[in-house]
Structure formats: structure tokens, C-alpha cells
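The overall makeup of the chain follows at the end.

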Amino acid sequence: MLNLTQCPSWGASVGVCAAGSAAATAGAMAWGLVSPRSSFWGPVRFRGPADGPPRVALTFDDGPHPQSTARILEVLGELGVRATFFVIGRNARRWPDLLRRIDEGGHVVGNHTFDHHWFGTRRHTRYWDGQFSATDELVHSIIGRRPAIFRPPMGFKVWHMMNAAGRAGHSVVTWTRRAMDGIHTDPRRIVRRLVPRARAGDILALHDGVEPGSAGDRSPTVAAVRPLVEGLRLRGLEPVRLDELLAIPAYAPEDRRGEEPRIAKAFAASQRRRFAFEKGFAADARG
Ligand SMILES: [Zn+2]
């Protein structure tokens, strides 16, 4: 990155140098926002170890959804594959039975914000603390555990979000390759995008759901799951859960057995965060 220490001398060129430095910094910040691989705003994991066992992680975003999640769970169950589902809080609240089925199938539930708001990157600390705690507490009320892995909507990251993730004890995980199944596509195209170039350690991103209030057809994704898994296995790659691939906890430590005092402490903290979140909503509604 260009900075003042690289400028040739103080004098007529200093203004140009300063402008260049500011532009470079702005560019790095923008890249940090949109790139799923950038750790500019805080630590982000986008792949597992390439030199480890030949494994990849299948991840599904934006669910749960009655049109597709149950069908994907059925196929994964038949194939003996466990995956990771980054759920939107509003969708989980609407379809709690599907969330239970994800958990009962041995899959991981991750946090994908409560609202999946496109302009959430413009919001600040109180908003992001609320997005984490509202989703974590909702998931806890349904499956008895709080997620510890977070995926930013669209992979966009900002400072307030990353700091809130740290306070909430979440690992931030994006992806290595994505299916591009959030737009019009077909199963063959999804498989072709993911299988031929997949490498050990890859995190593959697909969609089992749609944003609250939006329409979307996830039939191509549902139909792609079986050939995708079979294609990966033919290449010697076994799909596993994200916590297994990255060796990170899937759920909050206070939700493990035998740690009751920490549960009480965490619950008190979460209540404080929830109160702040609701106050934020009230303020938003007013103005
Ligand atoms: Zn999403």
C-alpha cells in the first residue's frame, strides 16, 4: 500500500503523495468490505488447511426455508454427509421445526444475522450487537445451543460487525468457492462451478433459503446436492462440518455440559444485549 514513508521528498509532491495514500487506504477499506477473503477489518477464515486430510465443507445460507431445507436434509442424510447451515434469525423464528431438523441431523447451525439487511454495513455497534444476540438467543431457544460461527451477509464486512463478532465470541467464516445459486441457475451449472476446481480445505457456499420477504427458487440447489457430493467423493474429497474442517467450536462454550455458572453469566449478558437491541429497534421506529 502507498503511504507517506514511500513519498520521495517533502515539497511540491507531498500533496500528491498524501492524496495517493488516502486513495490507497480507501481502496483497502473497500476491498476489506467486499472481498470474502479479506481480513482488513478483522480475522476472517475462507478456507481450511490445504495440506490436511482431503476434506471440504458444504455450507448453506439464508435458510431455513420450507421449500428446500427439508429436501436438502433428506439427501444429505441418505449420503451420510454433515454440513453447516447459516440461518437468518427471522427465518428460524418462522420455521423452528426446520432448525430442529438441521440440529437433529448432526449438522451445524451458524449465525447469518437476524435480518440479513443489505444496508446493515452502514449500521453501528448497537445494531450489530443486537443482530448477534437476537439470532444466538433465538437459536438457543430452539436447539438449546448458541452458535459460535458467523457468516456476514453477502460476505460484506465492516469494523462494527467484526468487533461485535469478537464480543459475541464468533469465528467469522466466508467461503473459498460459491455456487452462485442465489441467481437463476441450474443443477449442472452448480456442480460444474464447484466440483472440477475443488481442493482440500475448500469451503463451498450454497443457498438453501431466501431473504425474509423475498422470492427465490432453490430447486436447482436441491437437485445439485447429490451430484455435488458424488462428484467431490469421486475426486477423493469428503464433505465435513465447518467446525471439523477449521478445528473451531461450533457453539458457545457456556452451552457445554457442566458449566452452569457460565450459563448464568452469559444469560445475564445476553439479556443486557437484548435490551439494548430492543431499545435500538424502538429508536429506529421513531426515527
Ligand atoms: Zn445470505
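In this predicted model, the largest nonpolar core holds 66 residues. Leu99, Leu204 and Leu228 touch the most other members. Helix α5, residues 125–143, gives the most to this core, with seven residues. In soluble globular proteins, nonpolar side chains tend to be buried together.

Leu228 leads on to a helix pair. Leaving out residues up to four places away in sequence, Leu228 touches Ile190, Val191, Leu194 and Val195. Leu228 also belongs to the contact between α7 and α8.

Two packed helices are described by the angle between their axes and the distance between the axes. Here the axes of α7 and α8 come within 8 Å and cross at roughly 40 degrees. Angles under 35 degrees would count as roughly parallel; α7 and α8 are therefore oblique to each other. Their crossing is right-handed. The table lists what each helix brings to the contact.

| Helix | Residue range | Residues in the contact |
|---|---|---|
| α7 | residues 187–194 | Pro187, Ile190, Val191, Leu194 |
| α8 | residues 219–234 | Pro220, Thr221, Ala223, Ala224, Pro227, Leu228, Gly231 |

Now the whole chain. The protein chain has ten helices and eight strands. Of its 287 residues, 42% count as buried. Among contacts with a separation of 6 or more, 77% join residues 24 or more positions apart.

Key:
Residues numbered from 1 in each chain as written. Predicted model: local features only at pLDDT ≥ 70, side-chain atom pairs only at ≥ 80, totals over all residues. Core = buried A, V, L, I, M, F, W, Y, C linked by C-beta atoms within 7 Å. Buried ≥ 20, exposed ≤ 12 C-beta atoms within 10 Å, placed from the backbone. Helix = DSSP H or I, 4+ residues; strand = E, 2+ residues; numbered from the N terminus. Contact = placed C-beta atoms within 7 Å. Axes fitted to C-alpha atoms, helices over the stretch in contact; angles between N-to-C directions. Parallel < 35°, antiparallel > 145°, perpendicular 65-115°, else oblique. Left-handed = near helix turned anticlockwise from the far one by under 90°.
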